[in-house]
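I opened this structure to look up a few local features. My notes follow in the order I took them.

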Amino acid sequence: TVNPDREFQTIHNFGASDAWSIQFVGAYWPEAKQERIADLLFSMEEREDGSPVGIGLSAWRFNIGAGSAAQGEESGINDRWRRAGSFLRPAGSFDPEAQPGQRIFLRRARERGVDQFYAFVNSPPVALTRNGRAHSSGGDSANLAPERYAEYARFLADVVAQVGTADGIEFAYLSPFNEPQWEWQGGQEGSPWQNHEVAAVTREVSAALVEAGLATQIEIPETAQYD
């Protein structure tokens, strides 16, 4: 028997991530099917018989891609469903129109009442990485040189600001390091991070968010192996 007046645990949200299929659904699928998928993911409405229209996610995670999609087969990631676009072009300029398929679903989530948004990163943009790819060559340290830390931080702040201005999405949290315990030498976008690298980049990201006047908090880190 469920007694809704007695609380034993409170969860922060019920969420999911847009990686990896949403980039294709939002960019290429018919609008009617997009709306149906958005309802299944985000709707809190009920039908006349009381059954739910959707699962009612309250949080949605946005993958800030590294740009391996533009590299195609040269990316070293065989599965195109594990590649992503990027706001940072290969030559280093910022692309404000990037990742349109995923951004469509950010807006559809907001329209259906989702109020918690997270931005996360699997790999720094290929224009900044050590090896020019969105995965590691060695697997024992970040695929980002220390002299690029501040540039990476400014890029993340620019993405958060751009999506906020253009799409009306305020990211509550930003995760610059997704599952840093793995080697990420292929298969998908990803980068390992040592603890001292996480600490150093976190300070740079914090400074960049403050300088940009953004209220987004840093989530440190997205990991599945706490030791």
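**Entry 1: a charged residue in a helix**

I began with Arg108, which is buried at a relative accessible area of 10%, because the cut-off for buried is under 20%. The model is predicted, so I use a local feature only where pLDDT is at least 70. I located Arg108 in helix H4.

I then listed its contacts, leaving aside neighbours within four places in sequence. Arg108 is in contact with Glu31, Gln34, Glu35, Ala38 and Phe42. I also looked up a distance along the way: Ala224 is 116 residues from Arg108 along the chain, and their C-alpha atoms are separated by 29 Å.

**Entry 2: H2 against H4**

Next I looked at how H4 packs on helix H2, residues 31–42. The axes of H2 and H4 are 10 Å apart, and the packing angle is about 55°. H2 and H4 are therefore oblique to each other. I noted the crossing of H2 and H4 as right-handed.

On the H2 side of this contact I found Glu31, Gln34, Glu35, Ile37, Ala38, Leu41 and Phe42, and on the H4 side Ile104, Phe105, Arg108 and Ala109. By class, the contact residues divide into seven nonpolar, one polar and three charged.

**Entry 3: H4 against H5**

The crossing of H4 and H5 is right-handed.

Here Arg103, Leu106, Arg107 and Arg110 of H4 meet Gln162, Val163, Ala166 and Asp167 of H5. I sorted these residues into three nonpolar, one polar and four charged.

**Entry 4: aromatic rings**

How many aromatic pairs does the structure hold? I find eight. One of them is Phe87 with Phe94, a stacked pair with 5.7 Å centre to centre and 25° between the planes. I checked the accessibility of both partners. Phe87 counts as buried at 0% relative accessibility, whereas Phe94 is partly exposed with a relative accessible area of 25%.

I also noted an aromatic cluster formed by Phe24, Tyr28 and Trp81.

**Entry 5: backbone checks**

Most residues other than glycine have a negative phi, and most peptide bonds are trans. I looked for departures from this.

Where is there a cis peptide bond? It joins Ala19 and Trp20, with omega about 10°. I placed Trp20 in the loop between strand E1 (15–17) and helix H1 (22–28).

For positive phi I noted two residues. Glu179, which is not a glycine, has a phi near 45°. I found Glu179 in the loop between strand E4 (173–175) and helix H6 (195–211). Its relative accessible area is 27%, so Glu179 is partly exposed.

Trp184 is also not a glycine, and its phi is positive at about 50°. Trp184 lies in the loop between E4 and H6. Is Trp184 buried or exposed? I have it as buried, at 14% relative accessibility.

Notes. Residues numbered from 1 in each chain as written. Predicted model: local features only at pLDDT ≥ 70, side-chain atom pairs only at ≥ 80, totals over all residues. Heavy atoms only, no water. Left-handed = near helix turned anticlockwise from the far one by under 90°. Helix = DSSP H or I, 4+ residues; strand = E, 2+ residues; numbered from the N terminus. Contact = heavy atoms within 4.5 Å. Nonpolar A, V, L, I, M, F, W, Y, C, P; charged D, E, K, R; others polar. Phe/Tyr/Trp six-rings, centres within 6.5 Å; stacked < 30°, edge-to-face > 60°. Buried < 20%, exposed > 50% of the residue type's maximum accessible area, 1.4 Å probe, protein only. Axes fitted to C-alpha atoms, helices over the stretch in contact; angles between N-to-C directions. Parallel < 35°, antiparallel > 145°, perpendicular 65-115°, else oblique.
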